[in-house]
Amino acid sequence: MTNTLDITKREQTINLGAGPSSLPTSVLLEAAQGILDYQGTGMGLTELSHRSKTFQALMDKTEADLRALMSVPDTHAVLFLQGGGTEQFSATALNLLAAHAVHNPDYFATNGNQGPPCDYAVTGSWTAKAVKEAARLGANANVAVDARKVQGAGGKFGSIPPVSEWKLSPVASKPAMLYYCDNETVDGVEYPNPGFPLDQLPEDYRKTVPIVADCSSNILSRPIDVAAHAIVFFGAQKNVGPSGVTVAIVRKDLIVDPDAGVAHGGPRIPTTLVYKNMLDNGSLYNTPSMFAIYASGLVFDDLLRNKGGVAGATERSAQKAALIYGVIEASEGVFLPTVRQASARSRMNVTFRISKPGQNQPDEALEDAFVKRCAEANIVQVKGHRSVGGIRTSLYNAVTIEQTQKLAEVMKTFARDVKEGKL
């Protein structure tokens, strides 16, 4: 057993996993030291009391750095939660329905004991799961758009119809929220730059309906107008840190005591899903995911101090995505993008199938050969999600331009070999 950290193999490996995903080596080295002895305390970070002044100072800095990176206004609380993005399928709906009941105490009685609509823009697998969960919990879920059902979709995700074609609930019905996912990790669909088209929403809708954004897989890769949202949440394990912590940035006037709304048709909410409990206790209602928060904070600090903040990440993301999509475009039909709408192709998760020239259909044998070719070049975790197959290369913030260039070279060589009949 040795006390020396060996990163030789790590330095040779390009991890393009979709989540848990790659993290900066410098961050992990600092985190490793922190696990053994955090800031000279003689105790590892995971051994400290979460009620200690030492950990509170860590929490304060982590929140301050995130606020600086995202320009989070004072009107919004930053909550460090558990349960992953999946738990926020429930928490967002329940907390906003509770807020609606508190702010509109007569709504339930005057609307035939029916709750307010909750609008969902379903553009990929994660929003499909979110709306399903909302309906399961008894919410009056309205699918404003389902991208699988638009003309030419063939039952698959791969485009984002303009807002003018959505069936949003009438403003007079006082919707409890509009929910969307900014980047659909499984399907490789992302709202076109600069992001979700807030300006396309009807003005009265935009000003009155709380808007919820799941940004789990593209947070800190481009700016987002936090002030225009009721909730922006993200699981850490795709573009921020290790799994275990989920950050929810919530407008404070929508954080209520849910029990005050129960008599008016509001839901009862499990204790640890109540945003007010987390706000009142500084995210320390129960023991938080201490290491995940610590490592995420190191990523925030690194992005702020060394990498140009969100602006720097935005520029790098554009370069990386352009490089790989350029190779796909030039492959003469060997690489087939799965997202039909070019402007909605994700910068974070590039999804494609592989075909023999001129056949325009997936060839799983070639896809297996591509995964093997990548592995030979120490490029790993490039298989598509099990539900859709194909290839997925995830270009999160921790993936460098140099690593992306190596992927591009492997892709070019592979496409050439396919066209020459060598595969």
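**Figure 1. Asn-113 sits in a loop between helix H5 and strand E3.** This is a predicted model. Helix H5 covers residues 107-110, and strand E3 covers residues 117-122. Asn-113 lies in the loop that joins this pair. Its phi is near 60°, a positive value in a residue that is not glycine. Most residues other than glycine have a negative phi. Is Asn-113 buried or exposed? Asn-113 counts as exposed, because its relative accessibility is 54% and the exposed class begins over 50%.

**Figure 2. Tyr-107 is a buried residue of helix H5.** Tyr-107 lies in helix H5. At 10% relative accessibility, Tyr-107 is buried, because the limit for that class is under 20%. Which residues does Tyr-107 contact, leaving aside its neighbours within four places in sequence? They are His-100, Gln-114, Gly-115, Pro-116, Pro-117, Ser-173 and Lys-174. Lys-174 is 67 residues from Tyr-107 along the chain.

Figure 3. Asn-378 lies in the loop between helix H11 and strand E13. Helix H11 spans residues 364-376, and strand E13 spans residues 379-380. How does Asn-378 count by accessibility? Asn-378 is partly exposed, because its relative accessibility is 25% and that class lies between 20% and 50%.

**Figure 4. A cis peptide bond joins Gly-19 and Pro-20.** Omega of this bond is about -5°. Most peptide bonds are trans. Where is Pro-20? Pro-20 lies in the loop between strand E1 and helix H2. Strand E1 holds residues 14-15, and helix H2 holds residues 25-36.

**Figure 5. The bond from Asn-193 to Pro-194 is cis as well.** Here omega is near 10°. Pro-194 belongs to the loop between strand E7 and helix H7. Strand E7 covers residues 189-190. Helix H7 covers residues 203-208.

**Figure 6. Ile-391 is buried in strand E14.** The strand runs over residues 391-394. Ile-391 has a relative accessibility of 2%, so it counts as buried. What does Ile-391 touch, not counting residues up to four places away in sequence? Its partners include Val-350, Thr-351, Phe-352 and Ile-354. Glu-367, Phe-370 and Val-371 are also among them. Val-382, Lys-383 and Gly-384 are touched too. Asp-368 is 23 residues from Ile-391 in sequence. From C-alpha to C-alpha, Ile-391 and Asp-368 are 9.3 Å apart in space.

**Figure 7. Ser-125 belongs to helix H6.** This helix takes in residues 125-136. Ser-125 has a relative accessibility of 18% and so counts as buried, because the cut-off is under 20%. Which residues does Ser-125 touch, not counting residues up to four places away in sequence? They are Phe-157, Glu-184, Val-186 and Asp-187.

**Figure 8. Cys-181 and Cys-374 are buried cysteines.** A disulfide is a covalent bond between the sulfur atoms of two cysteines. How many disulfides are counted here? The count is zero. Cys-181 is in no disulfide. The nearest cysteine sulfur to that of Cys-181 belongs to Cys-215 and is 7.6 Å away. That pair does not qualify, because a disulfide needs sulfur atoms within 2.5 Å. Cys-181 has 3% relative accessibility, so it counts as buried. Cys-374 is buried too, with a relative accessible area of 0%.

**Figure 9. The views above belong to one chain of 423 residues.** Its secondary structure comes to 12 helices and 14 strands. Buried residues make up 53% of the chain. Why does the chain agree with a compact globule? With 423 residues, such a globule would have a radius of gyration near 22 Å, and the chain has 23 Å. Along the principal axes, the C-alpha atoms fill a box of roughly 70 × 60 × 30 Å. Of the contacts with a separation of 6 or more, 69% are between residues 24 or more positions apart. The chain exposes about 18,700 Å², and carbon and sulfur atoms supply 50% of that area. There are 41 positive and 42 negative charges, and their mean positions are 4 Å apart.

How values were computed
Residues are numbered from 1 along each chain as its sequence is written. This is a predicted model: local features need pLDDT of at least 70, side-chain atom pairs count only at pLDDT 80 or more; totals for chains, interfaces and linings use all residues. Side-chain values use heavy atoms; hydrogens and water are left out. Helices (H or I, at least four residues) and strands (E, at least two) are DSSP runs, numbered from the N terminus. The radius of gyration is taken over C-alpha atoms; the globule rule is 2.2 Å times the number of residues to the power 0.38. Buried means under 20% relative accessible area, exposed over 50%, partly exposed in between (1.4 Å probe, protein chains only). Contact means heavy atoms within 4.5 Å. Accessible areas come from the Shrake-Rupley method with a 1.4 Å probe; for residues, only the protein chains shown count as cover. Lys and Arg count as positive and Asp and Glu as negative; His and the chain ends are not counted. The place of a charge is taken as NZ of Lys, CZ of Arg, CG of Asp or CD of Glu.
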